[in-house]
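The following exercises concern a predicted model. Each task is followed by a solution in steps.

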Amino acid sequence: MQEFKPVTKQDAPRLRRYYQNCDYGLCEYSVGTKLMWKKSLHPAWAEIAGCLVVCNEIDGQVVFDYPVPGPEGDEDAALEAIENDCLERGIPPVISVVPECRAAKLLSRYPYVRVSDVRTWRDYVYYREDLQFFAGRRYSGQRNHINKFRSKWPDAEFRPLTAADAPAIERFWQDYEAEFPKENNAKAKNELDLAKKMLKMTGRPCFFTGGMFDGEKLIALSLAEKCGDTLIIHIEKALYSYTGVYPTLVQAFADAFGDGCQWINREDDAADRGLRTSKLQYGPAKLAPKYRFDPQNELLNHVETIPELKTARLTLSALTEADIPAYNALVLDQDRNRWWGYDDVGGLGGPVEERSFFDVARRDFENRQAVNFAVRLDGKLIGEAVLYRFDCRGGAELGCRIDKAYAGSGYGTEAFAAVADWGLYKIHLSRVVAKCYKENQASYKMLSACMRKKGEDDTFFYFEKLV
């Protein structure tokens, strides 16, 4: 299982190596978002195949950002690592906040996938020149507000903020809360608390921070981060008692820190009506989509119940409660199962009870993670064939074991071939893979009869069958 490290302030320089040249243009692909919202996102990170991979846990569900490649990054390898990690955890490989420029890649990667693009998620993205100059008729309202502000406070000036401005920033928060008490709005209060914490990072090389001053009084401030050709605005606050200060701040900030950027991202609106109205008034060039990809496997799409398969001598069908004694004997035959490839007992996470293995098989199918076929000879359970580890890319792994009393008669090969064909031709898998221990000559012979050898390592021979 892949190890991920929780994002901390100390990780900011490491993450910036990837985000500083990232061309996705979305606010989630930034240090500021990871730090400001880490109690909601629970982000953790790892470097995989030259890419930054971030794993989040949102409302109890694990979701991944799309990998951010470095100079030698391999996005396909990083995506495969995400998929393998999810297989080990037994969870779906959900890729969220996918930028538009990578959506087609994932659509071609996953045969079955549910895609979401919720309006509330989208970032407001503007041309930098539009906010810097407010030129043209459509920005006459913003220019009028700026002119009123300048006429009333002609000496107000914008300047970058540094760590030395901490006292002025603290006084600003006091003034801000006096104008906008948040006691009855838990969401707004939480966002304000997060903004205060982020402003304590003023002066850090990750961020650009600037403020509008009326004399020595700080009346508006903003904090942003450059990622690729996009300036991402993480925080934008002002005292509304200073009429026109918001557009004045927006323009001054774009002018001061927008060099080298084509876009300014002012993040999403969090479904807040006031924010949405305000952000739309500034004339976004686009509302940047953030796609969520929920890959699905073939069981979810094609299999409602476990079918019955017939071969020349065997019947393969779902396990029943009547099979429990024979099934337990099969699973608990330790001498036979040293070649099985995984520990059934260890996977229970608790003591072995009469229904333990039957319930696991039933639950795995209910969750469409695996399908366990009972292998029957004249109605009697003599083994099982399990199709599992569905990778959501058209592949699955197949394993088969036969009771020792029935070994050596070709039943394993017959059952294995039947389930492989069912997977490939009935539920539309594109490949079935299998492996066997190098010492297991019987399995090697069976797999060689059914599949093509793909490779080997110190422990296993690997096989596959493609269509």
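**Exercise 1.** Determine in which hand helix 8 passes helix 9, and how the two helices are oriented to each other.

*Solution.* Step 1: Helix 8 comprises residues 166-179 and helix 9 comprises residues 186-199. Step 2: Their axes come within 11 Å and cross at roughly 165 degrees. Step 3: Angles over 145 degrees count as roughly antiparallel, and helix 8 and helix 9 are therefore roughly antiparallel to each other. Step 4: The crossing of helix 8 past helix 9 is right-handed.

**Exercise 2.** Identify which residues of helix 8 and helix 9 meet, and sort the contact by class.

*Solution.* Step 1: Helix 8 contributes Ile-169, Trp-173, Tyr-176 and Glu-177. Step 2: Helix 9 meets them with Leu-192, Ala-195, Lys-196 and Leu-199. Step 3: By class, this contact has six nonpolar and two charged residues, with no polar residues.

**Exercise 3.** State how many aromatic pairs the structure holds, and classify the pair formed by Phe-208 and Phe-257.

*Solution.* Step 1: The structure holds 24 aromatic pairs. Step 2: In the pair of Phe-208 and Phe-257, the ring centres are 5.4 Å apart and the planes stand at 45 degrees, so the pair is tilted. Step 3: Phe-208 belongs to strand 10 (residues 208-214) and Phe-257 to helix 10 (residues 245-257), so the pair ties together parts that are 49 residues apart in sequence.

**Exercise 4.** Describe the span that carries the UniProt annotation "domain: N-acetyltransferase".

*Solution.* Step 1: According to the unreviewed UniProt entry, this annotation covers residues 314-467. Step 2: The span is 31% helix and 31% strand. Step 3: Its end C-alpha atoms lie 25 Å apart.

Definitions and conventions:
Residues are numbered from 1 along each chain as its sequence is written. This is a predicted model: local features need pLDDT of at least 70, side-chain atom pairs count only at pLDDT 80 or more; totals for chains, interfaces and linings use all residues. Side-chain values use heavy atoms; hydrogens and water are left out. UniProt positions are given in the numbering used here, feature names are shortened, and annotations may be inferred rather than shown by experiment. Helices (H or I, at least four residues) and strands (E, at least two) are DSSP runs, numbered from the N terminus. Axes are lines fitted to C-alpha atoms, for helices over the stretch in contact, and angles run from 0 to 180 degrees between N-to-C directions. Angles under 35 degrees count as roughly parallel, over 145 as roughly antiparallel, 65 to 115 as roughly perpendicular and the rest as oblique. A crossing is left-handed if the near helix is turned anticlockwise from the far one by less than a right angle, and right-handed if clockwise. Contact means heavy atoms within 4.5 Å. Ala, Val, Leu, Ile, Met, Phe, Trp, Tyr, Cys and Pro count as nonpolar, Asp, Glu, Lys and Arg as charged, and the others, Gly among them, as polar. Rings of Phe, Tyr and Trp (its six-membered ring) pair if their centres lie within 6.5 Å; planes under 30 degrees apart count as stacked, over 60 as edge-to-face and the rest as tilted.
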